[in-house]
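Biologist: I have the model open here. Can you take me through some of the packing?

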Amino acid sequence: MNTSQPLVHHQFAARAASQPDEVAVMHGEQWISYAELDRRADGLAHRLRDRGVEPGAVVMVHLERSIDAIVSLLAVLKAGAAYLPVQRGTPGGRIEAFVKETRCATVIAREHDVPPFAAVPVTTIDPAAAAATVADRPAGPPDGTVDEADIAYVIYTSGSTGSPNGVLVDHGSLSYLCGEINKRYRIGPADRVLQFAALPFDTSLEQIMVALLNGATLVLPEWTWAPSELAGRLRRHAITVMDLTPAYWRRFLSECARDPVELPVRLAIVGGEAVRAEDCREALRLMPRTRLINAYGLTEATITSCTMELTVELLPSHGAAPVGRPLPGTHVYLLDDRMRPVEPGERGEIYLGGRGVARGYLAEEAPGRARFLPDRFAGRTGMRMFRTGDIGRWTPERNLEVLGRVDRQLKIRGFRVEPGEIEATIATHESVDNVAVKVWDRNDQQRLVAYYSVPRGRAVTAAELRRFTARLLPDHLVPTAYVELPDLPLTPNGKIDLDALPAHDPSAAPPTGTGPDGASATSLVERGVARLWCAVLDVDRVGPEDNFFALGGTSIQAAELMARIRGSFGILIGHVRPLIELLLDDTTLRDFAAGVQAARTGTLAGGTRKPVDFAAEAEVGVPIRRQVTDPPDWRNPARILLTGATGFLGIYLLRELLTTTDAVVHCLVRADDAAHAMERIRANARHYLRDDLAGAYAAGRVVALAGDLAEPLLGLSTADFDELARTVDVIHHPGGRVNFVYPYEHMRPANVGGTREIVRLAGRYRNIPIHYTSTMAVIAGFGTAGRRHVTEDTPPAHPDHLSVGYVESKWVAEVLLRNAARQGLPVAIYRAADISGDCVTGAWNTATEMCAMKRFVVDTGTAPVAELPLDYTPVDRFAAAVVHIAGTALPAGEVYHLTNPGKVNIAALAERLRQHGYPIRHVPWDEWLDQLVRIAVEQPEHPMTPFAPLFIDRCATGRMSVAEMYLETTFPTFTRSNVDRALRGSGIEIPPVDAEMLDRYLTYLMSIGFLPSTT
């Protein structure tokens, strides 16, 4: 073979050398530069060689989509080996067959995924462990020559004989494909390319290599994004190139039509199966500035052989969109059954020849059934062509149209499916007599259905048969449904009559439940999950023993389900994959709901949450000066450091500091630069204060610092951090991350790490006083531990009872500060209950649970009969109290319960809502919670949905929900004597929660449209 293209791993190394610092791959919050990716791939390649991997050997990569998976692909190629991607969760028998056929002796897999390989003679390498030893390896790739005729990768496809076919593709073919295809895609360094294909599917190789060889950033989804969330993800990650299968693409277009948004995508590629012309027209209408390319190819011809850029003018009125013309160097032949070319417009079988034809199958083809044939049209000997089994024709414009198949092979969600392989597997079950697999369409989704009969005296249920098949076949080959028949219909010549098989309608199958939407469920989570199953599957009822896939679910619907589960129940990314695996494991609704509950509490097997040592977390860990020669002037501060100025309380503290002191206030803000930080502060002031602080800005009294609480040195340079440490007189620290769903480890960087960095700054030179805003929620653990009264002097305790990551992080930050105070740092802690709206204007942060609850009560017309307190402290009064206390006494570790002594019950709110014209009725707590679950499931965008887990999750003791910890019947009583003493004579009063206060807040919320008008 004569090709001018360098091998792909050589091209990548050259690209990495030319743009070493550019981002090569992004995966969630993780990213890697081109230089680091090349360095890690070289290191792993050396590790492979050290473990005995010789050029030409096959290396199995058994990883989820991740940066490590990309490193492993490149490392295998650099080591001169052949890359064999295998999906995590692939049945052990199939892995054993792959190892035996390929003679694979090395597997790259994570340590926790090693057990499936215990029964096969392979060595496993953990990519994380290999990464830790990269520095010990020689620079550059291993020595050795890789030739274009050497095998680059092995991809297994479904086989009609009952066994999968391993396809061998050499380096020359892969290099040829990557070079030619990008002449049509035109991907470059400015692009962000979505890697969406499953790794064992060869399209993933095209997506990965074409992006990296051309300097683009490859974006790896953390999980399989649902069609309903794809538009948002595309915009968030600024993705410019995407490649989707038609089935997924069709669902995505439906979502876009429902809620059109402008997308950053400049190139959309669709392929893997036939694409409907009507879908293409819809795509061009919805994405008028996006190039749309239809791609056609097979694994045996190196991924892509033909492409066509589609326009409205080129699309037929109906049927499949054309796939265009072959790449240069690829030949397409349409032949009749006597191997003669057909005329344009006539139907013929498609054969592919040229430079992309693969080396062949690992297993020798049976005589008379060969698919790789001599290419007698090539003009020279030794060339081969591949018989695709597809039927096609040439249009008058010489574009290829794919019309169907000559056999039973299918393409489902981009995967090639041979029904014969599935039938052969199911037939090995001892209780199956005859079996046939057929595909049915429902709601534009193709579903595999297995029909089977059972010998006399034997029995096997559909669920048992599904579990049997799932142990032997990958997910995409496991039928959606199993239908038992007394006998399978036969044709006159004795073959199974596929056309006579009865149509399958999963909605006609009776569910195991006894009520609509999971009304027989035993927990709130189960009820909520049941509602989601009904919505996603478009069925009226599901029962606790029902199976998602037996009800007609597909992998795309499973992705949609997970998107909704995440939104409604606040499931974190680390638990998405274990939940998907649980769903795929033939689980019932009840078991899956239990998994969702476990994911919420961090106990789901395979999840990422670890136990927290709260005492260790609260260690100061930074130096504090014992002797200070230049103490800060805290009474008359010249410079103040303020965090959280873009938050609700923070902007009121800023106003109070500007009003009552002459200080210059330095505001730490997460932003791109100082100008952006200042704009964020002024926009926040305009929103809440109706004043953009122009006067203070012009006078130089507000200084914006672009930084980040979650970063070392607050995200500042060493010089800037040091300057603040030398000159600031007072620190006000209300800033942090607020989220009531995320676990402690997600809140820790900003809320604990940020507080530690504040201590580092304060104790560096001057022992600057720190005034920290905390939450009354840190004492909630006392209530569930049985202690009913807490004073401001009671030491913090029972963090293991708090049950909410945000509250845990505030507890740790408090204890850290108290430990710093014992070392001599001046610290004051202000615990807030509910910081409510402005006393004068009523302006309030509508993102709070308090506002969300008002909206929920109004939208459902219900208020709970419960001891739920409204402990509102107006934000302007809270800020005034903090600044006053900070200016009157040097703190020494005091705690202030800055709450409202005139709090009321939620019944008072219900009464004021009724007075404003809202029909509110009181309902029992459990009924109110049912309404909450319904809203969270049906309206994921509702303001109350993010807070639903607080009412659903059980607390650490398991005796009640997290929300019930805060009812008056459980939450401890507390003193506020320090507050009373500090504010005595100041003129600062906390007004009671009465009709006047509540009416002011309701009027404000109605004026901004947060609450619907009653007129």
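Biologist: How many bridges join strand S30 to strand S31?
Modeller: Three bridges join S30 (residues 730-733) to S31 (residues 770-775), and the two strands run parallel. Strands here are DSSP runs (E, at least two residues) and helices likewise (H or I, at least four), numbered from the N terminus. Two strands pair if DSSP finds at least two bridges between them. This is a predicted model, where local features need pLDDT of at least 70, side-chain atom pairs count only at pLDDT 80 or more, and totals for chains, interfaces and linings use all residues. Residues are numbered from 1 along each chain as its sequence is written, and side-chain values use heavy atoms, with hydrogens and water left out.

Biologist: What stands opposite His 732?
Modeller: His 771 in S31.

Biologist: And which order do the strands of the open sheet take?
Modeller: The order is S29-S28-S27-S30-S31-S33-S38, seven strands with parallel pairing. S29 (702-706) and S38 (894-898) are the edge strands, each pairing on one side only. From one strand to the next the twist averages 20 degrees.

Biologist: Which strands does helix H26 touch?
Modeller: H26 (residues 875-888) packs on the sheet and touches S30, S31, S33 (827-832) and S38. The direction of H26 makes about 165 degrees with that of S33. Angles run from 0 to 180 degrees between N-to-C directions, and axes are lines fitted to C-alpha atoms, for helices over the stretch in contact.

Biologist: Where is Leu 890?
Modeller: In the loop between H26 and S38.

Biologist: Which residues does Leu 890 touch?
Modeller: Trp 634, Pro 769 and Pro 826, not counting residues up to four places away in sequence. Contact means heavy atoms within 4.5 Å. Leu 890 is partly exposed, with a relative accessible area of 44% (buried is under 20%, exposed over 50%, partly exposed in between, with a 1.4 Å probe and protein chains only).

Biologist: Changing topic, at what angle do helices H3 and H7 cross?
Modeller: Roughly 80 degrees, with the axes of H3 (residues 67-78) and H7 (residues 203-213) coming within 12 Å. H3 and H7 are therefore roughly perpendicular to each other (65 to 115 degrees; under 35 is roughly parallel, over 145 roughly antiparallel, the rest oblique).

Biologist: Which residues meet there?
Modeller: Ile 70, Leu 73 and Leu 74 in H3 meet Leu 205, Ile 208, Met 209 and Leu 212 in H7.

Biologist: What about helices H1 and H2, at what angle do they cross?
Modeller: Roughly 140 degrees, and the axes of H1 (residues 8-18) and H2 (residues 34-50) come within 8 Å. H1 and H2 are therefore oblique to each other.
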